[in-house]
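Subject: Structure for your attention

Dear colleague,

Please find below the structure that I am handing over to you. My notes on what was found in it follow directly after.

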Amino acid sequence: MTASVHGPVDVVCLGESMVTFLPTRPGRLADVPSFVRGIGGAESNLACALAAAGHRVRWVGRVGADGFGDHLVAAIAAYGVDTAAVVRDPDRPTGVYFRTAADRASEGHEVVYYRAGSAASAMSPGTVPPEAVWSGRLLHVSGITAALSAGCLELMRALTARRDGRPPLSFDVNHRPGLWRGTDGARVLLDLARGADIVFVGEDEAEEAWDVRGGPDAVRRALPEPATLVVKRGAEGAVAYTRGAAGDTVTHAPAPVVDVVAATGAGDAFAAGFLSATLRELPVGERLRYGHLWAAAALTVPGDLAEPPPAAHAARLVGLDDDAWGRLHLGPGWTGQDQEVPTP
């Protein structure tokens, strides 16, 4: 099954999507007796969230000519994402991974990837046609892709090279140390981020990857090139730096209190919410609030993907005054709808 969006699209997302197996109960991987199949991948997560909110989105990637590839393409297309540019690789498998229910930051978190030699790792400038990725108002990628293979890194360097005619490029750093073997991955990610127009990075992520300390301002000093830099600060909120003729405008938006079910996918949802508001040319403070709300939708479900909050509900919350926003407390079911779209 594929979906095709006729005409120009709002956002093109490029990257690896995998089949993910979620545990049916808490505990070590060694002790979990069964898993539920889902889908996961930073760029496809963002694509699905944007499409579910009504944006025209294309996902570009490679999957195996296998049952897991069938499932991925069908599941992503079910959100309304254009999957016509997805390539089926007859020689390489679709990547899969298993994870525990524990939060990624906790000691009990375990994740096991089976993605080495995957179909997605065969992406390169020679296998990804330019017309597939340059056809949107915005191109979104992440640092994960650069770590998959030498060809993927070459592709990412080509995409982040500043050149005439390139659509604005959004880049989520997504530093994953375990993927970078024998390579200075942190330095590579910094170089790639410098070529982007919009960059998302966690304050703790910048400290771990680049030894940048001193808060969001220090991150901006390390990354002065992007026109927009969003520094995520977890429960403390996020800070956006937007460059204008007179220099940077700095905008801070605190995060609402959230009763977290699972943290996986929250960063992708935040970026999707921010980009959705960016496409609608909303003020930067509102873009950050939309990011927080979409992240809260992901935080309050067990899987990687969640339906964004209904547009009217989100607009009402975004429009709260500072005091009311500061008292916002969101828990499971806060969107008033089934937040996870059933997949085939």
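Asp 70 counts as partly exposed, at 43% relative accessibility; buried means under 20% relative accessible area, exposed means over 50%, and partly exposed lies in between, with a 1.4 Å probe and protein chains only. This is a predicted model, in which local features need pLDDT of at least 70 and side-chain atom pairs count only at pLDDT 80 or more, while totals for chains, interfaces and linings use all residues. Residues are numbered from 1 along each chain as its sequence is written, and side-chain values use heavy atoms, with hydrogens and water left out.

Asp 70 is found in helix H2. Helices (H or I, at least four residues) and strands (E, at least two) are DSSP runs, numbered from the N terminus. The side chain of Asp 70 makes a polar contact with the side chain of Arg 88 at 2.7 Å. A polar contact is a pair of N or O atoms within 3.5 Å; within protein, one must be able to donate a hydrogen and the other to accept it, and residues adjacent in sequence count only if both atoms are side-chain atoms. Between Asp 70 and Pro 226 there are 37 Å in space, C-alpha to C-alpha, and the two are 156 residues apart in sequence.

Salt bridges

The side chains of Arg 88 and Asp 70 also meet in a salt bridge, at 2.7 Å from N to O. Arg 88 lies in strand S6 and Asp 70 in helix H2 (residues 67–78), so the pair ties together parts that are 18 residues apart in sequence. Arg 88 is partly exposed, at 33% relative accessibility. A salt bridge is a side-chain nitrogen of Lys or Arg within 4 Å of a carboxyl oxygen of Asp or Glu, and the structure holds 17 of them.

Another salt bridge joins the side chains of Arg 62 and Asp 89 (2.9 Å, N to O). This pair links distant parts of the chain, since Arg 62 is in strand S5 (residues 62–64) and Asp 89 in strand S6 (residues 87–89), 27 residues apart. Are these two partners buried or exposed? Arg 62 is buried, with a relative accessible area of 12%, and Asp 89 is buried, with 2%.

A further salt bridge is formed by Arg 28 and Asp 31, whose closest N and O atoms are 2.9 Å apart. Asp 31 counts as partly exposed, at 38% relative accessibility.

Strand S3

Phe 35 has its place in strand S3 (residues 35–40) and is partly exposed, at 27% relative accessibility. The C-alpha atoms of Phe 35 and Leu 22 are separated by 5.1 Å, although the two residues are 13 residues apart along the chain. Not counting residues up to four places away in sequence, Phe 35 touches Phe 21, Leu 22, Pro 23, Thr 24, Leu 29, Phe 98 and Arg 99; contact means heavy atoms within 4.5 Å.

Why is helix H6 described as largely enclosed by the rest of the structure? The reason is that 7 of the 10 residues of H6 (residues 185–194) are buried. These are Gly 185, Ala 186, Val 188, Leu 189, Leu 190, Leu 192 and Ala 193. The buried residues of H6 pack against several elements, including helix H5 (150–160), strand S11 (198–202) and helix H8 (216–222).

Helix H10 (residues 284–299) is mostly covered, as 14 of its 16 residues are buried. From its first C-alpha to its last, H10 reaches 22 Å, close to the 22 Å expected at 1.5 Å a residue; the expected span is 1.5 Å times one less than the number of residues.

Thr 300 lies in the loop between H10 and helix H11 (311–318) and counts as buried, at 5% relative accessibility. A polar atom of the side chain of Thr 300 lies 2.8 Å from the backbone oxygen of Ala 296. The side chain of Thr 300 also reaches the backbone oxygen of Ala 297, at 3.3 Å.

With kind regards
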